[in-house]
Amino acid sequence: MRVNETTAISTPAILLVPYEHHHVHTYNTWMQDPAIQQATASEPLTIEEEYAMQKKWRIDHDKLTFIACLPYDSKGVREATNTVCGGVHDVNERMIGDVNMFLSVDEDDDGLVVGELELMIAPTGRRRQGFGRGTVVAFIRYISEHAEAILDEFTDGEKGEKGMGQDEKVKRKLQLRVKIGETNVQSIGLFESLGFAKTVEKANYFGEYELRLPGCLGEDDKAIQKVEGESGREDYRECYRNIQFTPEIPKRI
């Protein structure tokens, strides 16, 4: 999506930046890990395919993506920084994962858009340190505050795909869900602690649970308020993000 192309999110727990060209090499390296492929139900891509995918995700109307990076080292630096420099604050050594939202219209309600969240903390040495929770909390806060713009971009893109006119806006609501393998107890516990609830008691045919956050973003809902409250009004900052450089695609030897 284009809605976040110049926005970074800074909290004491995490720094989220848009997925850009200079992140691709590290991301592609992560995705060669069979364990990560299994956890994300992904197939490995070549580096050229990964660069093409990054460009596609930037303009797709139904995918919102941030790269998760280590937070600023001190509160003073974070509070004084209103601009995040691509290739400086989000260099490869500071990248630790990503978070995505895939949008689709609910099967039973054309007025409801479902945003399916996916979280990955890639380096094993960075797991179980609060980065996953910090990433999800900041991401949901961003989605909640920009729900209208996200839905507008999704609806406009959907109309374009179907060859429909842009004259009339469809008023829709946005609800969040996750699908998690039944053996991934830690991730299930993370999302349940944020107010997500299983939609069924038993895992589906693929061994997954679906969990949804009650209510819709933008409504006066206690579950949404709980997640937003965790980010703290003073500790969540949206910053302008610029790009310092765009490296060339590594050549194959």
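Me: Where does E20 sit?
Reply: This is a predicted model. In it, E20 lies in the loop between β2 and α1, and α1 spans 24–30.

Me: Buried or exposed, that E20?
Reply: Buried. Its relative accessible area is 15%. The cut-off for buried is under 20%, so E20 falls on the buried side.

Me: What is E20 in contact with, leaving aside neighbours within four places in sequence?
Reply: E5, Q54, R58, R241 and I243.

Me: Back into β2, then. Where is L15?
Reply: L15 is in strand β2, which covers residues 15–18.

Me: And how accessible is L15?
Reply: Its relative accessibility is 1%, so L15 counts as buried.

Me: What is the C-alpha separation of L15 and D90?
Reply: It is 8.4 Å. The two residues are 75 apart along the chain.

Me: Zoom out. How many helices and strands does the chain have?
Reply: 8 helices and 10 strands.

Me: How much of the chain is buried?
Reply: Buried residues make up 48% of the 253 residues.

Me: What share of the contacts joins residues at least 24 apart?
Reply: 72%. That is out of contacts between residues at least 6 apart in sequence.

Me: Helix packing next. At what angle do α5 and α7 pack?
Reply: About 40°, with the axes 11 Å apart. α5 is residues 131–145 and α7 is residues 185–193.

Me: What do you call that arrangement?
Reply: Oblique. An angle under 35 degrees would count as roughly parallel, and 65 to 115 as roughly perpendicular. The angle here is about 40°, so α5 and α7 are oblique to each other.

Me: Left-handed or right-handed crossing?
Reply: Right-handed, as α5 passes α7.

Me: Which residues meet there?
Reply: On the α5 side, G132, R133 and V136. On the α7 side, L190, F191 and S193.

Me: How does that contact split by class?
Reply: The contact of α5 with α7 has 3 nonpolar, 2 polar and 1 charged residues.

Me: Now backbone. What is phi at A41?
Reply: Near 55°. That is a positive value in a residue other than glycine.

Me: Where is A41?
Reply: In the loop between α2 (34–40) and α3 (47–59).

Me: Is A41 buried or exposed?
Reply: Exposed, with a relative accessible area of 73%.

Me: And R128, what is its phi?
Reply: About 60°. R128 is not a glycine, yet its phi is positive.

Me: Which loop holds R128?
Reply: The loop between β6 (112–121) and α5.

Me: Buried or exposed for R128?
Reply: At 73% relative accessibility, R128 counts as exposed.

Me: On to cysteines. How many disulfides are there?
Reply: The count comes to 0 disulfides. The rule asks for a pair of cysteine sulfur atoms within 2.5 Å.

Me: Remind me, what is a disulfide?
Reply: A covalent bond between the sulfur atoms of two cysteines.

Me: Then C216 and C239: buried or exposed?
Reply: C216 counts as buried, at 11% relative accessibility. C239 is buried too, with a relative accessible area of 4%.

Me: Strands again. Which one holds S104?
Reply: Strand β5, residues 95–105.

Me: How accessible is S104?
Reply: S104 is partly exposed, with a relative accessible area of 31%.

Me: What does S104 touch, not counting residues up to four places away?
Reply: L112, V113, V114 and F154.

Me: How far is S104 from E116?
Reply: 8.3 Å, C-alpha to C-alpha. In sequence, S104 and E116 are 12 residues apart.

Me: Last one, D156. Where is it?
Reply: In helix α6, residues 147–162. D156 counts as partly exposed, at 27% relative accessibility.

Me: And what separates the C-alpha atoms of D156 and H61?
Reply: 8.0 Å. Along the chain, D156 and H61 are 95 residues apart.

Definitions and conventions
Residues are numbered from 1 along each chain as its sequence is written. This is a predicted model: local features need pLDDT of at least 70, side-chain atom pairs count only at pLDDT 80 or more; totals for chains, interfaces and linings use all residues. Side-chain values use heavy atoms; hydrogens and water are left out. Axes are lines fitted to C-alpha atoms, for helices over the stretch in contact, and angles run from 0 to 180 degrees between N-to-C directions. Helices (H or I, at least four residues) and strands (E, at least two) are DSSP runs, numbered from the N terminus. Angles under 35 degrees count as roughly parallel, over 145 as roughly antiparallel, 65 to 115 as roughly perpendicular and the rest as oblique. A crossing is left-handed if the near helix is turned anticlockwise from the far one by less than a right angle, and right-handed if clockwise. Contact means heavy atoms within 4.5 Å. Ala, Val, Leu, Ile, Met, Phe, Trp, Tyr, Cys and Pro count as nonpolar, Asp, Glu, Lys and Arg as charged, and the others, Gly among them, as polar. Buried means under 20% relative accessible area, exposed over 50%, partly exposed in between (1.4 Å probe, protein chains only).
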